[in-house]
Amino acid sequence: MIKLLGAVLILFAGTLIGFQQAARFAARPRQLRQLAHALQRLETEIGYGHTPLPEALGRIATVVPSPIADLFLLAAEGVAHDDGLSFRESWEQAMKQGWEATAMRAGEQAVMLRLGSALGISDKDDQLKHLKLALLQLKAEEDAAKEDQGRYEKMWKSLGVLIAVLVVILMV
Amino acid sequence: MLNRVVHLLPLELKAVLEKLPETALAQLEEIRIREGRPLELGLRGQSRFAGTDGTLRMTADGAYKPTGDICRKLLERITNYSLYAMEEELKRGFITVAGGHRIGLAGRTVLDSGSVRGIRDIGAFNIRIAREVIGSANHLLPKLLDRSRKSIYSTLILAPPQQGKTTLVRDLARSISYGLWGQGEGAGWQGRKVGVVDERSEIAACVRGIPTFDIGPRTDVMDACPKAEGIMMLLRSMSPEIVVADEIGRDEDGEAIREASHAGVSVVATAHAYDVQDALGRPVLRRLLEDGSFQQIVELRRTTAGFMHRIISAESAIRSPAAREPTAVLTAASTSTFRRSGADPAPVESGLQRGGAT
């Protein structure tokens, strides 16, 4: 009886781990797409609205879902507090703190960090160029992420169950 | 005065300024920051350099020198981390921040087919701390009353930079708007609708269209709007009885003011000029005075004792600039004399009478 219960537990845990890994692969392209949407929105705010950066980031945070929105909120908060951070420092801090909660990887983080070092310090045309470049790079990452998703998502889902089954068989 | 702009300053700069003696900070009017060069302060018209140890120096030796990093941080803060949103301001060479403080910028200009498109490599900042002096027009306003219309005459206020023109017109707008015409015959009159064209955002210091200075309950502000267009827009849309504009000087400003004053609207405007003769040397001002767009001229001076006004009727100024009546009024009790520059070398002693505007 106890053996059966243990086997069920192992199967359950294995399946869960597999699904969680698969979910990470599914989440990455989705979050990359949301990030791209956010940057497009920023493009509009800068290009047409001339909205000041902290306010623009706050607005973006209201239209994209949570782990992505938090990145922008953190960056806006960093300059709102009076601790002498420059925008680049605040942005870097936000990208490092908030990144943990997302399914995104180092490649896209590097894109965002590069963007942060250019945001706010030049005229409109230059800002839009930097945003376009970042969007292109994110697009490339998104394509790669989709490929990974197709390849690994199903694999992880079945792999979790199969490994759990293997462990159960070995134990019996 | 420092606490009004301290939120704009990078921490290092703030630390240096906060070490200065209280009395000096109370007199602070300008903070001039130049990259790699001594930090200069303007204290009631006097120039001093700030040392790292909280001393004020007459000479630049041993004064604190802001680094390039501090200047970049300062620029970020005054532009709200958004240089791209400040293109118009950079073209004009200054930024007005919340509270009405004006920050002048200098650096390498970017040209676009011969005209200035903006400034990059900004290496010098001049933070002018705005001050709202409620009641600064109290002594002047009763002298400008137009009894027949229960309003104010069209008035041109002349003074060199840094003499308190903006402070004065702001208080005039406020008083007229509230209906605070002072003691005497104006006492019972009601307030008038005032339209302010605030091209430099200095009179009302609007933040997102809402004035941060008290400019009265009957006042509408056209913020960051070119004066000529703003005056016409206000005339068409807000039916003002008095239009207030700061620092007129271009041809189109003159056109708009002429239009307004002949539409029965009183215009209160300021211009950079040392005195009436100086103003008559500027074609736009001369034409405005000649065709009667302004009925009165106020020369403004700031002395150590306070503001001094001299009211001259436009008619007499045009007729014989040299022989105008010296009707000066002191807002602060003082016995300073009021000298005039120009061709006439003899200083004109001003009467200190409080009534009898010409």
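**Interface and fold**

Modeller: Across the interface of chain A and chain B, nine residue pairs are in polar contact, both residues being at pLDDT 80 or more. A polar contact is a pair of N or O atoms within 3.5 Å; within protein, one must be able to donate a hydrogen and the other to accept it, and residues adjacent in sequence count only if both atoms are side-chain atoms.

Colleague: Which elements give two or more residues to the side of chain A that touches chain B?

Modeller: They are α2 (53-63), α4 (87-99) and α6 (124-171) of chain A. Helices (H or I, at least four residues) and strands (E, at least two) are DSSP runs, numbered from the N terminus.

Colleague: Before we continue, what are the conventions?

Modeller: This is a predicted model, in which local features need pLDDT of at least 70 and side-chain atom pairs count only at pLDDT 80 or more, while totals for chains, interfaces and linings use all residues. Residues are numbered from 1 along each chain as its sequence is written, chains are lettered from A and ligands numbered from 1 in the order in which they are written, and side-chain values use heavy atoms, with hydrogens and water left out.

Colleague: How many salt bridges are there between chain A and chain B?

Modeller: The count is one, a salt bridge being a side-chain nitrogen of Lys or Arg within 4 Å of a carboxyl oxygen of Asp or Glu. R117(B) and D123(A) form it through their side chains, at 3.0 Å from N to O.

Colleague: And what area is buried between the two chains?

Modeller: About 1,500 Å², with carbon and sulfur atoms giving 49%; buried area is the accessible area (1.4 Å probe) that two parts lose on being put together, summed over both. H50(A), D82(A) and G84(A) supply 26% of the area that chain A buries against chain B, more than any other three residues.

Colleague: Turning to chain B, what is its secondary structure?

Modeller: Chain B has eleven helices and 19 strands. Of its 358 residues, 53% are buried, meaning under 20% relative accessible area (1.4 Å probe, protein chains only).

Colleague: Where is A260(B) found?

Modeller: A260(B) lies in helix α8 (residues 251-262) of chain B.

Colleague: Is A260(B) buried or exposed?

Modeller: A260(B) counts as buried because its relative accessible area is 0%.

Colleague: What is it in contact with, leaving aside neighbours within four places in sequence?

Modeller: A260(B) is in contact (heavy atoms within 4.5 Å) with I231(B), L235(B), V265(B) and V267(B). The C-alpha atoms of A260(B) and L235(B) are separated by 7.2 Å, the two residues being 25 apart along the chain.

Terms used: Buried < 20%, exposed > 50% of the residue type's maximum accessible area, 1.4 Å probe, protein only.
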